[in-house]
Amino acid sequence: MHLTALVKEFGPGIELQIYERNKGIGGTWHNNTYPGVACDVPSHGYSLSWAPWPDWPQFQAPGAATLKYCEFVAEKCGVRDVTRFQTNIDTVTWDKDLALWKVSCTDVATGEKFTDEANVFVNASGLLSQPKFPDVADLDKFEGGEVLHSALWKPEVDLSGKRIALVGAGSSSIQILSAIQKQAGHIDQYIRSSTWITPVFGSTGRAEFFNLDPEDTLDTDDPEKANPKYTKEQIKIFQTDPVALNDHRKSQASEVNGLFASDITITGSPMQIAFKALVEKLTRDKLTRKPELADLFVPTWPIGCRRATPGVGYLSAVQADNVEVVRGSVVRATKKGLIASDGKEREYDVVILATGFNTTFAPSFKVTGLDGWSPNTNEEYLKEPSSYMIVSTQNLPNYFTVHGPLVMSFNGDFLAGQERTMNYIFKFILKMQLERYKSVVVKQEAVDSMMAYADAYLPRTVHTESCNAWYKNDGKVRAIWPGSVIHLMHAMEHPRWEEFDWERLDEDKKNPAARYAYFGAGRTYEELEGVQLAQYLPVVKDPYAKVPAFGTPTARLHFESWEK
């Protein structure tokens, strides 16, 4: 949707075609409809910079409200006008002679196959979009009832009074258990590895805005305090006072970003040590009914090694009389239930697989670039995925990925990072269009240097500690930007064009003057439209002030030395 807005406002002459495999917009919020699904960051901090939404109903929005926000943005930017829904992309192949991507597609509803062509291909399919099923023998032979995946939910399935197996201990399973525990007859949650259950993100701002006691509400299970609703009066203020709305958005985003500015992800930092101690105390204080579960929710590794998982009500739910924790993996299914690594068979009416997504960086469709190179089959890439600035991969001209290796996944304001990433991609599209290039591809040396930088930076962070995390690949962290989201924004502000090989249009090679065709007739729109022609002169408040010395905040580089 952000790319649609960019093209409409800044890209005259660019023809945009989006293919979406779902029936509607929303991506993860369209697909995930399981009980308790919700955004785990403050809602006003989960919005595009140019699309604030005064009507967020709660501090942290449930999935349905987040989908409604997506629909609001879709209407605002007109993304449906350029989207073909229910369309799978099957293969994407680079034609070097024509400098075009040949795109093979299938209409999901009719089965019709067709092809398209594009000068530039942007893969924005998302990293967490392909449901992952556990390796459980004979799962297809289970006949006791329904088998559900959290990303493929069937809302018509009634869970009331049922014996349920909940497989997994990530964010989805934490939300599901909290939501269904009271209605289920019995739940066995299969937990293979430990995880931290943290307070909600943005708890300080929550307490301040809703006039709550910050200590009393830090880890409360009371839904009215943990996730308060905005009143009609508050929403009315947001609808009529853009400054008040923006101040509230900034406070939420600033608190989340501040966590990373305070070195919470740096191993051994004062903030990391203090936060771990706080969460451990809160957890142990809650595990009064089943203290034997402490090793599962007070891991030995630091918070952030795996993605932090807020879970309002979860630690209470997991200690309920109708919930039992089964340690270890599910080994095999039977007609009536599941057999875990303890060898015991347990019978169920419903099996819920909250086992996450396939997090490989190989695209969900076959991509073939220069000389047959493919991220789907190249063994080196599959073992150690690599990128330049998240978006570019060697041997793939005119191909950009929003969620490539080093994607910003746990660094601060997520949507702000995604927005800046798309802005960065759009700068390449504009340069190609304006300056008449037919292809651009990142240099291998640039990719290698970028990954070397990440591998030098990340060992100082908690992400490389010993834990099982989806953003690791054979032990190496590949789904974390080496810095904060603010760092990412500055890094992407000015593309380093020299890190790429550029090829001009064939006709421009024969006509040297065509290289500067975009200079036009030597005049600008300002001159032709007769506006004031000295806009370049700024207002100087103090004509006698000296230029600031190097090293002052207004003159120094944005980046703090990573060697510090």
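## Salt bridges

E146 and K154 form a salt bridge, with their closest N and O atoms 3.4 Å apart; a salt bridge here is a side-chain nitrogen of Lys or Arg within 4 Å of a carboxyl oxygen of Asp or Glu. At 33% relative accessibility, E146 counts as partly exposed, and K154 counts as partly exposed at 33% as well. (Buried means under 20% relative accessible area, exposed over 50%, and partly exposed in between, with a 1.4 Å probe and protein chains only.) This is a predicted model, in which local features need pLDDT of at least 70 and side-chain atom pairs count only at pLDDT 80 or more, while totals for chains, interfaces and linings use all residues. Residues are numbered from 1 along each chain as its sequence is written, and side-chain values use heavy atoms, with hydrogens and water left out.

By the salt-bridge rule, the count comes to 29. One of the pairs is K102 with E117, where the closest N and O atoms are 3.8 Å apart. That pair links distant parts of the chain, 15 residues apart: K102 sits in strand 4 (residues 100-107) and E117 in strand 5 (residues 113-118). Helices (H or I, at least four residues) and strands (E, at least two) are DSSP runs, numbered from the N terminus. K102 is partly exposed at 29% relative accessibility, and E117 is partly exposed at 46%. In another pair, R346 and D342 bring their closest N and O atoms to 2.8 Å. Here R346 is buried, at 8% relative accessibility, whereas D342 is partly exposed, at 44%. If you like networks, have a look at E384, D455, K476 and R478, which salt bridges link together.

N398 lies in the loop between helix 13 (379-383) and strand 18 (399-401). With a relative accessible area of 0%, N398 is buried. The N398 side chain reaches the backbone oxygen of N119 at 2.9 Å. This is a polar contact, defined as a pair of N or O atoms within 3.5 Å; within protein, one must be able to donate a hydrogen and the other to accept it, and residues adjacent in sequence count only if both atoms are side-chain atoms. Leaving out residues up to four places away in sequence, N398 touches N119 itself and also W94, A99, W101, V120, F121, M432, K438, S439 and V440; contact means heavy atoms within 4.5 Å.

T309 belongs to strand 11 (residues 309-310) and is buried, at 6% relative accessibility. A polar atom of the T309 side chain lies 2.6 Å from the backbone oxygen of W196. Beyond four places in sequence, residues touched by T309 include S171, I174, T195, W196, I197 and T198.

## The nonpolar cores

In soluble globular proteins, nonpolar side chains tend to be buried together. A nonpolar core is a set of buried Ala, Val, Leu, Ile, Met, Phe, Trp, Tyr and Cys residues joined through side-chain atoms within 4.5 Å. In this model, the largest such core has 119 residues, and F297, Y314 and Y388 touch the most other members. Helix 14 (residues 414-435) supplies the largest share of this core, nine residues.

Y388 is worth a click in the viewer. Apart from residues up to four places away in sequence, Y388 touches Y424, V442, A446, V447, M450, R496, E499 and F500. A second, separate core holds 14 residues, among them F142, A333, Y348 and L353.

## A loop proline

P131 is in the loop between strand 6 (121-123) and strand 7 (146-149), and at 27% relative accessibility it counts as partly exposed. Setting aside neighbours within four places in sequence, P131 is in contact with H149, A151, L152, G356, F357 and N358. P131 and S364 are 233 residues apart in sequence, yet 11 Å apart in space, C-alpha to C-alpha.

## The whole chain

The chain has 18 helices and 22 strands, and 48% of its 564 residues count as buried. Among contacts with a separation of 6 or more, 69% come from residues 24 or more positions apart. The C-alpha atoms fill a box of roughly 80 × 65 × 45 Å along the principal axes.
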